[in-house]
Amino acid sequence: MKQYPASNIHNVALIGSNSSGKTSLAEMLLHKAGVISRMGKTEDGNTISDFDPEEIKRKISLHTSLLPLEWKDHKINLLDTPGYVDFVGEALSALCVVEGVVAVIDGVSGIGVGLDTLWQQAVKQNLAKIVVITKLDKNQANFTARVEEARKKLGKQLVPIQIPIGKEANFKGIFNLLKSDGVPEEIKDDYEKFREMLIEATAEVDDTILNDYLENKPVPEEEIIAAIKKGIELGKIIPVLCASVAKEIGGEELLNEMVSFLPTALESPFSQNQGLRALVFKTTIEPHVGELSFVRVFSGEIKPATNIYNISKGKEERIGQIITLLGKNRIELPAASAGDIVVLPKLKNTATGDIFCDKNHEVNLPKVNYPEPVASLSVKPKSKADQEKMALGLGAFMHEDPTFKMHYDPETKETVIYGMGDIHLEVILSKLKERYGVEVETGAPRIPYKETIKGKAKGQGKYKKQTGGRGQYGDTWLEIEPLPRGGGFEFVDKIVGGAIPKNYIPAVEKGIREAMQVGVIAGYPVVDVKVTLYDGSYHEVDSSDLAFKIAASMGFKKVFQEAHPVILEPVVEVTVFAPPEYIGNITGDLNKRRGRISSIETDKVVALVPLAELSKYATDLRSFTHGTGSYTYKFSHYEEAPMAVQQKLIETYQKLKAEGGL
Ligand SMILES: Nc1nc2c(ncn2[C@@H]2O[C@H](COP(=O)(O)OP(=O)(O)OP(=O)(O)O)[C@@H](O)[C@H]2O)c(=O)[nH]1
Ligand SMILES: [Mg+2]
């Protein structure tokens, strides 16, 4: 593939809800541009974009694919993003490296779930937008209804510049609204309605058109084109196009419109620099293939066999080959020029989000704010021997995917994985099996409860074994009392007159700390207690650190149980976002989850909710808000769990203990 100047490169993300037709549209564009001779289908698992085995299996896109094509001496780097909300991170990364988006709307089911977030992000980043209404060959497809819905939800700037000729199975072509003659009889009404809408919109950005329009004069096509271009730049016009992949209609027109209406890479606000500025927006690691870094060059150039500076890591990086990908197929490039998107294999010190630039440059490239992961699962390998391989695999996924996190909790001795939703985690575990051969058992993550006391108690802990040989002797008197929440642990030594020699005191404290770690009533760590050692006795020969440690541990467990022990549960602050019509349902549901509402706005609810009540919340929220709801949460505090919860935890633990399971 030849090298193009930034003035002839367009970087474009295809965005849209799940199953709206993005991957199919991309396939048609590749076909029209002569990149492929035959079109694949998502359901046949043979599209260029969805090449990953998991994508083929599930028949949905899971990753953003790079699909470069050449059209009329321009290069278009298409980024086909997944529409499923669990994989929104992939789409958000793509938005950072493009100048324009093509939003794809299903001609039958409409905008759907998922486009919303991405559309808002595109607006925030001032990206140029084109909308395509596709699947117009299908039963129930309705161009006019979809345009009305989209204008209502996405903005009045949306204006068709094409209309369909024929409906559903009889959809047979597209009429260009810029033309003023040769209008087929069957679409006369639509033509007049939408042509007027278009002229009105262009008149708003161009006074000559306004005057012509007011004076009822014909408006020349070139003037409309110029006005549309200006309108897109100002965010005042968003052209709407028609397509059907099944009938192969609309592909050439879309390629033409992308080239004439979407900005080139030269017009990117980040292109006006001297020297190198490039952003790593995606990383993939595959066994046998190695690491691939997807890089957008905003300015400057990268050449093979040179060094570039990774300012995020403060390290030089050696460049080997420079390639581009067509789905999974590699194409070698002579260099990575300004404006282009390329792939750099096998970098040593580079991760997603890193920036390459000259050492003394200031770094100000777009940055993605990935949403915090909300779904979680505890995992353990089916075979113990796989523990290390599991950690390796999950670590690699974490490197590839900024919305996936893994954490080993030493308190519960569990590996917990976090993601954007249940499907996200399911895909991760399926890849772990495919790529690393590790199968895991999953469970809800164990909630990090704590134990504490509400009362005071005192008593003796004595350990004595004095039969034959050297014996063991330790004797402690302890008093226990509660500390305020967050107080942790306090140990006070009040021994006077050498009832216990000084050198055994640390062993006493250690014995208590160890007992606190494993818990007393339900196996959870003990917090917020003060223990005073106020008396004891020792034996000249038989006393030892070990004996005092055991004695103190026994004493602690005894007095703890007498001091009104309780279980604390973690409470988190949850912020839920959703359209106003769902806010009532959300507060009702949070109440059922023992939540306390702190604030309600038209599209946002903040509440304090016990963490234990939030398992499966991602899925539940999505289902009762029809996918429009999202939430984040952060730790708030610990508080006493309800009696029923406490009793259940205690019973489970005591039963396990009695069965010798602990
Ligand atoms: N009849 C008809 N079916 C289409 C058309 N475009 C796409 N489809 C079908 O719609 C389904 C979804 O299409 P995709 O292209 O995979 O949708 P997508 O937007 O890439 O989906 P995700 O990547 O999962 O978000 C597939 O079964 C396609 O064959 C079309 O123009 N006409
Ligand atoms: Mg897709």
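Is Asp-620 buried, partly exposed or exposed? Keep that in mind while we look around; the tour comes back to it.

**Before you start**

This is a predicted model, in which local features need pLDDT of at least 70, side-chain atom pairs count only at pLDDT 80 or more, and totals for chains, interfaces and linings use all residues. Residues are numbered from 1 along each chain as its sequence is written, chains are lettered from A and ligands numbered from 1 in the order in which they are written, and side-chain values use heavy atoms, with hydrogens and water left out.

**The whole chain**

Zoom out to begin. The C-alpha trace of the protein chain spans about 110 × 60 × 45 Å along its principal axes. Colour by secondary structure and you will have 16 helices and 30 strands to look through; helices (H or I, at least four residues) and strands (E, at least two) are DSSP runs, numbered from the N terminus. Of the 662 residues in the chain, 53% are buried. Buried means under 20% relative accessible area, exposed over 50%, and partly exposed in between (1.4 Å probe, protein chains only); the areas come from the Shrake-Rupley method.

**The magnesium ion**

Now select ligand 2. This magnesium ion is coordinated by Thr-23 through OG1 and by Ser-61 through OG, at 1.9 to 2.0 Å. Thr-23 sits in helix H1 (residues 22-32), while Ser-61 is in the loop between helix H2 (53-58) and strand E2 (65-71), so the pair links distant parts of the chain, 38 residues apart. Both residues are buried. Donors here are N, O and S atoms within 2.8 Å of the metal (3.2 Å for Na, K and Ca); water is not among the atoms, so sites may look incomplete.

**Salt bridges**

Side chains of opposite charge can pair when their charged atoms come close. The whole structure has 33 salt bridges, each a side-chain nitrogen of Lys or Arg within 4 Å of a carboxyl oxygen of Asp or Glu. Select Glu-54, Lys-57, Arg-58 and Glu-426 together to see a network of them.

Next, go to Lys-303 and Glu-301, whose side chains meet at 3.4 Å, N to O. Lys-303 is partly exposed at 45% relative accessibility, and Glu-301 is partly exposed at 37%.

Move on to Lys-502 and Asp-493, a salt bridge with its closest N and O atoms 3.4 Å apart. Lys-502 is exposed, at 59%, whereas Asp-493 counts as partly exposed, at 31%.

Then select Asp-620 and Arg-593, which form a salt bridge at 2.9 Å, N to O. Asp-620 lies in helix H15 (residues 617-624) and Arg-593 in the loop between helix H14 (583-592) and strand E28 (596-601), so the pair ties together parts 27 residues apart in sequence. Here is the reply to the opening question: Asp-620 is partly exposed, with a relative accessible area of 29%.

**A negative patch**

Select Asp-189, Glu-192, Glu-196, Glu-200 and Glu-204, which form a negative surface patch. Patch residues have over 30% relative accessible area and no salt bridge, with like charges joined within 9 Å; Asp and Glu count as negative, and the charge is placed at CG of Asp or CD of Glu. Glu-200 belongs to helix H6 (residues 188-205) and is partly exposed, at 39% relative accessibility.

**Last stop**

Finish at Met-398 in helix H10 (residues 387-400), partly exposed at 32%. Draw a distance to Tyr-418: the two C-alpha atoms, 20 residues apart along the chain, are separated by 10.0 Å.

Terms used. Patch = residues over 30% accessible without salt bridge, like charges linked within 9 Å, V, L, I, M, F, W, Y side chains within 5 Å. Areas by Shrake-Rupley, 256 points an atom, 1.4 Å probe, with all protein chains shown as cover.
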